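Subject: Handover of a two-chain model

Dear colleague,

Please find the structure below, followed by an account of what was found in it.

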Amino acid sequence: MFSLSETPLDLGMLRAATRDVEAGGFAAFEGWVRNRNEGKEVRSLEYEAYPAVAIKEGNRILAEAKDRFGVIHAECTHRTGHLALEDIAVWVGVSAAHRGEAFEACRYIIDEVKLRVPIWKKEHYVDGDSGWVNCERCAARGHGHDHAHHPHGHGAAPVQPAAYYARQLKLPEVGPAGQDRLAHARVLVVGAGGLGAAALPALAAAGVGHIGICDGDRIEISNLHRQTIYTLHQAGQPKAAAAADYLRALNPFVQVQTHPEKLTPDNVEAMLVDYDIVLDCTDNFEAKFLLNDAAIAYGKILVQASIYQYEGQIFVVNPHREGPCLRCVWPEMPDPGCVGSCAEAGVLGAVPAVFGAMQSMEALKILLDLPRQPENTMIFFDLLTLRTRRVTVNRNHSGCVCQSGKKELAWESHTGLELSWEAVEAAQGALLVIDIREEAEREAAPLDCPNLAFPASVFPLQHPPMSVDQRTVLCCSRGFRSRYLAMALRKAGFPNVYSLSNGLQSLHPTHVAP
Amino acid sequence: MKIHVAYYAKLREERGCSEESLDTETATATALYEHLRNEHGFTLSEAQLRVVINEEFAAWDAPIHAGDTVVFIPPVAGG
Ligand SMILES: [Zn+2]
């Protein structure tokens with residue numbers, strides 16, 4: 001039974017309630033009031049509960065624990081009111097036939113209680129200050145908010161999962177069991193741009209329990225027309241943190257983790273390891289091929305999408321089902337000349353919104369085990385004609401990474417291709433600097449050093465004005481286009497061409513068009 | 001013979017339409033693309049594209065038959 005107690009807990013009585021002749025062991029957890037929290041010295045604290053709902057939700061958790069781990073008795077009591085240092089704030093006790101279940105159930109109960117039961121903690125500090133803290137139930141970990149700015153207010157009746165998910169729980173394919181699956185799912189979204197800005201809220205609102213956001217970029221004004229989770233006043237802020245804030249405010253029942261860095265061959269394994277499904281919401285081939293290879297190597301399901309102006313494509317790489325991969329279609333990363341980025345080709349904001357939502361749908365279909373298209377289907381969707389084309393991808397060239405069976409990254413890094421701005425400056429004019437951004441981008445944020453202009457989009461019809469012997473560095477806003485072009489020029493016989501690593505944005509974050 | 005041809009992404013832009021019906025005697029995907037490239041001035045080479053015949057990725061030397069749908073697909077990476 002779950003209960004709330006205004007008075008100090010009677011441990012003997014609580015423990016006695018778990019005794020049973022069939023039980024071979026007992027595990028307990030006690031949460032204590034300690035003297036420090038996040039660097040502040042705590043004098044005492046206060047717990048406030050929303051009793052009717054707390055008891056209902058607490059008992060639901062205990063029933064789940066019994067169901068899930070097959071334990072005999074599960075008890076939990078949480079204090080309310082004023083507590084002094086060293087007081088017991090919460091007590092969990094479980095008896096079971098064997099110790100394994102007892103420990104696991106105990107852990108499950110305390111984690112779920114912290115997350116789901118509407119109980120708030122107010123700390124009184126030695127310095128006379130006080131504050132509501134550690135609202136894990138709001139999934140606001142590390143998101144220090146005070147009482148006044150609390151998204152749903154402690155005074156009001158807290159939101160309940162059953163109410164939040166009511167319309168979705170009605171679906172026979174979802175129901176409480178499906179909702180529970182979503183709550184235990186871990187999905188990583190790489191790229192919090194146009195696709196990610198649509199996929200992320202859909203995943204969070206559906207209740208995907210743990211969501212990761214990987215993006216090293218900052219919000220630009222020109223992002224806002226398609227990345228509608230960000231607001232004008234957030235320009236210049238890191239996208240990952242801003243997106244996480246949005247999701248936490250949207251759904252208090254999910255946990256959000258940020259990875260505010262660019263995906264690289266060096267960090268991709270650590271990034272993916274904790275997740276079951278990865279959404280490729282990136283906007284460049286380098287990241288797409290890296291994610292493809294990483295999904296194969298580390299056995300992750302990858303939901304990939306790419307858009308172009310008014311159309312896009314979506315493809316699921318599922319190594320668990322031995323499905324084909326991106327390299328089954330494009331064995332080599334395509335050359336720079338044949339693709340337009342959003343900056344070059346333009347995009348209507350609704351297009352990535354459609355495809356990002358489709359990516360979240362693919363993830364939900366997999367998590368809920370809903371009916372879906374065959375694994376080897378690549379979908380091409382033209383939003384002008386609304387024609388959908390389902391193309392079968394055959395796993396037909398035996399050299400593909402998806403058939404190598406290797407559990408290591410097949411990615412080749414391009415060491416020696418990139419130069420830092422420090423290296424460019426150190427060359428003191430010995431390096432020819434070519435700005436390969438499009439004209440409008442250059443005008444919006446001119447590069448303030450001697451340079452030649454050569455928009456990447458005219459390649460390969462024209463070559464940049466450079467000689468084979470001249471050491472040359474290409475610059476674009478983020479270092480993707482310049483890297484493509486440098487690779488292509490090296491292939492075309494220019495060994496002394498380099499790419500400015502991370503692009504011009506690393507120099508003047510607010511002065512470079514995306 | 002009559003076939004159906006569709007274009008995506010940059011090819012659609014360059015052709016100015018998403019799809020069209022053609023009367024052609026070209027025997028393979030390669031020959032068809034070369035013909036269309038000459039006619040419309042496509043900037044992409046065959047090596048930069050994939051061809052889909054009747055909703056399946058196909059080899060460039062695959063034969064084309066009357067009534068087939070042939071789709072030319074450039075790589076796309078926007079997001
Ligand atoms: Zn493959």
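Helices (H or I, at least four residues) and strands (E, at least two) are DSSP runs, numbered from the N terminus. Read along the sequence, chain B then follows the pattern β-α-β-α-β-β-β, which amounts to 2 helices and 5 strands.

This is a predicted model, in which local features need pLDDT of at least 70 and side-chain atom pairs count only at pLDDT 80 or more, while totals for chains, interfaces and linings use all residues. Residues are numbered from 1 along each chain as its sequence is written, chains are lettered from A and ligands numbered from 1 in the order in which they are written, and side-chain values use heavy atoms, with hydrogens and water left out.

Chain B

Of the 79 residues in chain B, 53% are buried; buried means under 20% relative accessible area, exposed over 50%, and partly exposed in between (1.4 Å probe, protein chains only). Among the contacts in chain B with a separation of 6 or more, 51% come from residues 24 or more positions apart, where contact means heavy atoms within 4.5 Å.

The interface

Chain A brings 39 residues to the contact and chain B brings 26 residues. The area buried between chain A and chain B is about 2,800 Å², with 55% given by carbon and sulfur atoms; buried area is the accessible area (1.4 Å probe) that two parts lose on being put together, summed over both.

Between the two chains there are 3 salt bridges, a salt bridge being a side-chain nitrogen of Lys or Arg within 4 Å of a carboxyl oxygen of Asp or Glu. One of them links E311(A) and R12(B), at 3.1 Å from N to O. On the side of chain A that touches chain B, the elements giving two or more residues are α7 (194–206), α10 (285–298), β14 (301–308), β15 (311–317), β16 (377–382) and β17 (387–392). The most comes from β17(A), with 5 residues.

R387(A) forms a salt bridge with E19(B), with the closest N and O atoms 2.7 Å apart. R387(A) lies in strand β17 of chain A and E19(B) in strand β2 (residues 19–23) of chain B, so this pair joins two chains. R387(A) is partly exposed at 36% relative accessibility, and E19(B) is partly exposed at 23%.

Salt bridges within chain A

Salt bridges that share partners join E57(A), R60(A), E64(A), E112(A) and R116(A) into one network. Over all chains, the whole structure holds 23 salt bridges. In the pair E57(A) and R116(A), the closest N and O atoms are 2.8 Å apart. E57(A) lies in helix α2 (residues 51–69) and R116(A) in helix α3 (residues 99–116) of chain A, so the pair ties together parts that are 59 residues apart in sequence. R116(A) also meets E112(A) in a salt bridge of 2.8 Å, N to O; these two residues both lie in helix α3, 4 residues apart, about one turn of the helix. E57(A) and R116(A) are both buried, and E112(A) is buried as well.

Backbone points

Most residues other than glycine have a negative phi. L386(A), in the loop between β16 and β17 of chain A, has a positive phi of about 60 degrees although it is not a glycine. L386(A) is exposed, at 57% relative accessibility. N502(A), in the segment after β22 (497–500) of chain A, has a positive phi near 65 degrees.

Yours sincerely
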